[in-house]
Amino acid sequence: MKRIYPWLPVLSILLALGLEAGLENTGGHIPAQRPYQIYFLAVLLAVFSAVAAASRFSARAKAWIGDKALFVAVVILLLTLYNLATKKFGFLPVIFFPSADRILSVLVEDFDFLMICLAASGKLLFTGFILGAAAGFITGIAVGFSKTAGYWINPLVRTLGPIPSTAWIPVVLVSFPTTFSASAFLIGLAVWFPTAVMTSSGILNVQNAYFEVASTLGAGKYYQIFRVGIPAAMPHMFIGIFNGTCASFITLMTAEMLGVKNGLGWYINWQREMMSYANVYAGLIMISVTFSLLITLLFKVRDTVLVWQKGVIKW
């Protein structure tokens, strides 16, 4: 069994290829111009065959395939079951559940247009995220270090912050000159609240002994803020950023479905209205891959900045 285990993905892929080649397609599904599913499985077959073979000589490859083999094999098996339920036997409604071939064909043939939509979403997301994170840091630092600021700002944070940013859509759409600025504001609002709360909470939980020692050694007010308080509050601040990032993704998709002229959310909504669900699934795959990469990048930045907490929170 130990010798077969690294080859489980390969066996699963071979099963998928055999069923794809051996069974006739049911009627109703629009065939793709090229057999993209077979191309995709062939690439996977080459990759996992190479890794399984390398696992006999490389400890790193052995550890990787030992951890991933069962998961990959099951995922490919589930995709095979989906292929049987759609293209081969037609158990699922054709219009809502296109074949994997059709979804892959959209990803390949509409790649340029999907990249344009991704760039538009990225521009909107980063504009709102940077503005919201900056406002959250400033608010959190002010509340954390100043009792006067806390007295005036805390009630606003506690009353306005918990309101979902999408609830402001009716007000925002008539208050901003363009849908882009309105959408960026909504994303910034979604990021601002968790960042501000966690930043102020982190600063307020810093031990007074740190400030007393810094003051005894002659540190001024600004030195205590930027060299003692903020570094000590960084773990809380990153938790606020993570929460704000997830909220920004949700708000981005909602905002793009309301009025902007481009973006992945707009693309999904447009294709849904056209009843082109292969394009809808392709857009969802793009969102999933992109956001997963962004979260991974954020964790890398966190592990670099907070070296002493590397691996405490895993992704």
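1. A salt bridge is a side-chain nitrogen of Lys or Arg lying within 4 Å of a carboxyl oxygen of Asp or Glu, and by this rule the count comes to five salt bridges. The model is a predicted one, in which local features need pLDDT of at least 70, side-chain atom pairs count only at pLDDT 80 or more, and totals for chains, interfaces and linings use all residues. Residues are numbered from 1 along each chain as its sequence is written, and side-chain values use heavy atoms, with hydrogens and water left out.

2. Helices here are DSSP runs (H or I, at least four residues), numbered from the N terminus.

3. Helix H4 (residues 100–109) packs against helix H12 (residues 277–305) at an angle of about 65°, with the axes 8 Å apart; axes are lines fitted to C-alpha atoms over the stretch in contact, and angles run from 0 to 180 degrees between N-to-C directions.

4. Where do H4 and H12 meet? Arg 102, Ile 103, Val 106 and Leu 107 in H4 meet Ala 278, Asn 279, Tyr 281, Ala 282, Ile 285 and Met 286 in H12, contact meaning heavy atoms within 4.5 Å. By class, this contact has eight nonpolar, one polar and one charged residues, where Ala, Val, Leu, Ile, Met, Phe, Trp, Tyr, Cys and Pro count as nonpolar, Asp, Glu, Lys and Arg as charged, and the others, Gly among them, as polar.

Technical notes
Helices (H or I, at least four residues) and strands (E, at least two) are DSSP runs, numbered from the N terminus.
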